[in-house]
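Welcome, and please take a moment with the model below before reading on.

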Amino acid sequence: MLGAPVRALAAVRRWFLAPQPLDGLVAARIGFGATLFAAYALRLPYAQDFFGPGGFAGAGFYARLPFAPPLHPHVTETLTVLRLVDSAPVILVLYGTLLVAALAFALGAFTRTSGSVALVLHLLFWARNPYAYWDWAGFVIAPLAYTVLAPTGRLASLDAWRRRRRGEPSLPRTATGWPLRLMQIHVCTMYAAASWSRVDKQSWILGEMVLVALTNATHSRFVFDWTAWQPLLRLGTWGALGLEVLAPVLLWVPRLGRLWALGLVALHLGLEAVTNVGYWNVVMISALASFWLPWRRETARPA
Amino acid sequence: MGDRRLRDAGLLALVGYAALLALAAWPEEVRPGALDLPSRLANFALRKVGIVAGVPVYEPPRQRIVRLELNDCIRVRGFDRQGRAEVLAPPGGACFTSGVRFTIPWPELALRSLLLRSTKPTNQAAIGDYFCHGRRFRERRFAEIEVFWWVPWRDLRSGETGRTPVFVYRWQCRPAHILWERTGPSEDELRRLGVEPAG
């Protein structure tokens with residue numbers, strides 16, 4: 001009588017906990033680390049304007065308007081602690097620490113420590129002022145945590161290189177599967193949130209949304225009158241809609257899922273070429289690696 | 001036995017977290033009504049700790065878009081005690097609506113994000129106060145700050161062009177508070193308020 005639930009529980013346990021290749025999460029580690037480093041390095045001239053005491057809704061603002069709520073409307077107030085830091089040098093030191101930690105994480109140096117520091121500081125800076133970025137900065141937090149929790153320093157890292165130099169044996173290319181599973185689930189929830197709401201939007205259904213986006217200087221790198229290209233853009237709209245709407249289902253289908261992931265990577269590369277959406281595309285391409293790496297599965301199985 | 005219990009508790013936590021993600025990401029357009037409240041609660045709980053299950057991207061209104069919006073143009077002017085105005089953003093006072101640009105300047109991005117994605121009145125206060133007292137502007141000792149947001153557009157069918165004023169407000173620097181605000185002002189009202197036309 002209890003056979004079916006017990007078997008189901010065993011299947012869930014196997015799905016979450018059985019060893020999985022680390023390659024996809026390692027690619028995500030490099031992508032997320034490099035993204036954070038680039039994002040914060042390029043914002044350096046505006047660091048004090050975005051995050052400092054004299055910047056948007058900084059400590060000076062709260063001294064003048066003590067009853068104003070935090071700029072971030074959703075996170076718990078404790079996380080917005082940086083808005084109360086009344087010292088520009090302290091903000092600069094934290095900012096510099098985040099830059100170093102993000103670079104070290106991308107390179108795989110002291111991977112878990114550098115990743116944890118980068119994660120916590122990015123969370124605090126984002127909670128202080130989420131409007132200094134596009135929405136990718138909020139989305140990346142949990143996927144970044146999965147790459148910190150998994151032993152992603154074992155591959156393609158300075159940590160692995162140091163082990164080899166010391167003559168120590170390489171660590172396994174596989175590890176417990178739950179961080180990978182959480183990454184995969186999160187990729188799917190992202191595409192569901194992004195695309196399922198489009199099914200009742202006429203501009204998407206009629207194939208006009210790419211034209212709309214490319215015409216708007218908020219998103220487009222090439223702001224022209226694109227109406228002459230509408231037939232081609234219509235195909236692009238429907239292609240993007242189909243890829244994203246079906247992703248949460250088809251990414252799980254054996255073999256097809258990997259091709260679907262590569263299709264989504266191609267979509268994001270195309271979007272990156274023509275649109276300005278911050279680091280959305282790099283973040284999604286990095287996260288999608290969890291579905292298609294390693295390409296040859298047999299090479300990554302445990303001995 | 002203890003190890004096994006711990007592992008099962010961990011597994012339960014993983015399954016629970018995955019369920020929260022799925023619930024939070026499920027858009028209301030395709031969500032069964034019974035899941036409405038659980039979905040909102042899941043979203044609320046995850047966002048409290050900085051976890052975003054998913055984000056609607058390129059989210060248009062339900063009806064077909066016939067007016068192509070060329071940009072969200074935001075102009076900020078500072079006024080000294082004598083009422084003399086100086087355009088503080090965007091640089092040169094002109095809104096970008098045509099051409100090639102590979103990145104959006106950070107101040108433009110931040111202003112746009114604050115006005116469009118943040119909530120009133122915090123965003124009004126944050127912008128007004130920054131241009132009054134921010135490190136780049138405090139030396140100029142402005143008395144008031146005016147923020148004007150409009151959308152230039154082109155009609156998809158007729159090719160006609162125009163602009164829609166969305167919002168304008170005036171912020172007083174000392175003591176800090178909003179002097180007035182108008183949502184969807186007409187061009188006549190803008191003239192009466194002394195909001196000069198913007199390019």
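This is a predicted model: local features need pLDDT of at least 70, side-chain atom pairs count only at pLDDT 80 or more; totals for chains, interfaces and linings use all residues.

Let us begin with chain A, which holds 15 helices and three strands. Its C-alpha atoms fill a box of roughly 65 × 60 × 50 Å along the principal axes. Of the 303 residues in chain A, 56% are buried. Among the contacts in chain A with a separation of 6 or more, 74% join residues 24 or more positions apart.

Chain A meets chain B through 80 residues of chain A and 73 residues of chain B. Between them the two chains bury about 6800 Å², and 63% of that area is on carbon and sulfur atoms. On the chain B side, Tyr58(B), Trp106(B) and Arg117(B) lose the most area to chain A, together 12% of what that side buries.

In soluble globular proteins, nonpolar side chains tend to be buried together. Here the largest nonpolar core has 137 residues, and the members with the most contacts inside it are Trp136(A), Leu251(A), Phe131(B) and Ile145(B). Helix α10 of chain A, residues 178–195, gives the largest share of this core, with 10 residues. A second, separate core has eight residues, including Phe148(B), Val168(B), Leu190(B) and Val195(B).

**Pockets and a cavity**

Rolling a probe the size of a water molecule over the atoms shows where empty space is left. The table puts the volumes side by side.

| Space | Volume |
|---|---|
| Largest pocket | about 990 Å³ |
| Second largest pocket | about 840 Å³ |
| Largest cavity | about 100 Å³ |

Which residues lie closest to the centre of the largest pocket? They are His74(A), Asn43(B), Arg47(B), Gly54(B) and Pro56(B), out of 39 lining residues. Helix α2(B) supplies the largest share of this lining, six residues. At least two residues each come from α7 (136–139) of chain A and from α1 (2–25) and α2 (36–48) of chain B. By class, the lining of the largest pocket has 20 nonpolar, nine polar and 10 charged residues.

The second largest pocket has 30 lining residues, and those nearest its centre are His219(A), Glu59(B), Asp72(B), Arg112(B) and Leu116(B). Its lining takes at least two residues each from α12 (209–215) of chain A and from β1 (67–69), α3 (106–117), β5 (144–155) and β6 (161–172) of chain B. The largest share, five residues, belongs to α3(B). This lining divides into 19 nonpolar, four polar and seven charged residues.

Finally, there is one cavity of 30 Å³ or more. Its lining includes Asn71(B), Asp72(B), Cys73(B), Phe96(B), Glu108(B), Leu111(B) and Arg112(B). Strand β2 (73–79) and helix α3 of chain B are the elements that give two or more residues to this lining, and α3(B) provides the largest share, three residues. Eight of the lining residues are nonpolar, one is polar and three are charged.

Technical notes: Residues are numbered from 1 along each chain as its sequence is written. Chains are lettered from A and ligands numbered from 1 in the order in which they are written. Side-chain values use heavy atoms; hydrogens and water are left out. A nonpolar core is a set of buried Ala, Val, Leu, Ile, Met, Phe, Trp, Tyr and Cys residues joined through side-chain atoms within 4.5 Å. Buried means under 20% relative accessible area, exposed over 50%, partly exposed in between (1.4 Å probe, protein chains only). Helices (H or I, at least four residues) and strands (E, at least two) are DSSP runs, numbered from the N terminus. On a 1 Å grid over the protein atoms alone, a cavity is a set of points where a 1.4 Å probe fits but cannot get out, and a pocket is an open set with protein on both sides within 12 Å along at least five of seven lines; lining residues have an atom within 4 Å of a point. Grid points are joined across faces, edges and corners, and a volume is the space filled by probe spheres set on the points. Ala, Val, Leu, Ile, Met, Phe, Trp, Tyr, Cys and Pro count as nonpolar, Asp, Glu, Lys and Arg as charged, and the others, Gly among them, as polar. Contact means heavy atoms within 4.5 Å. Buried area is the accessible area (1.4 Å probe) that two parts lose on being put together, summed over both.
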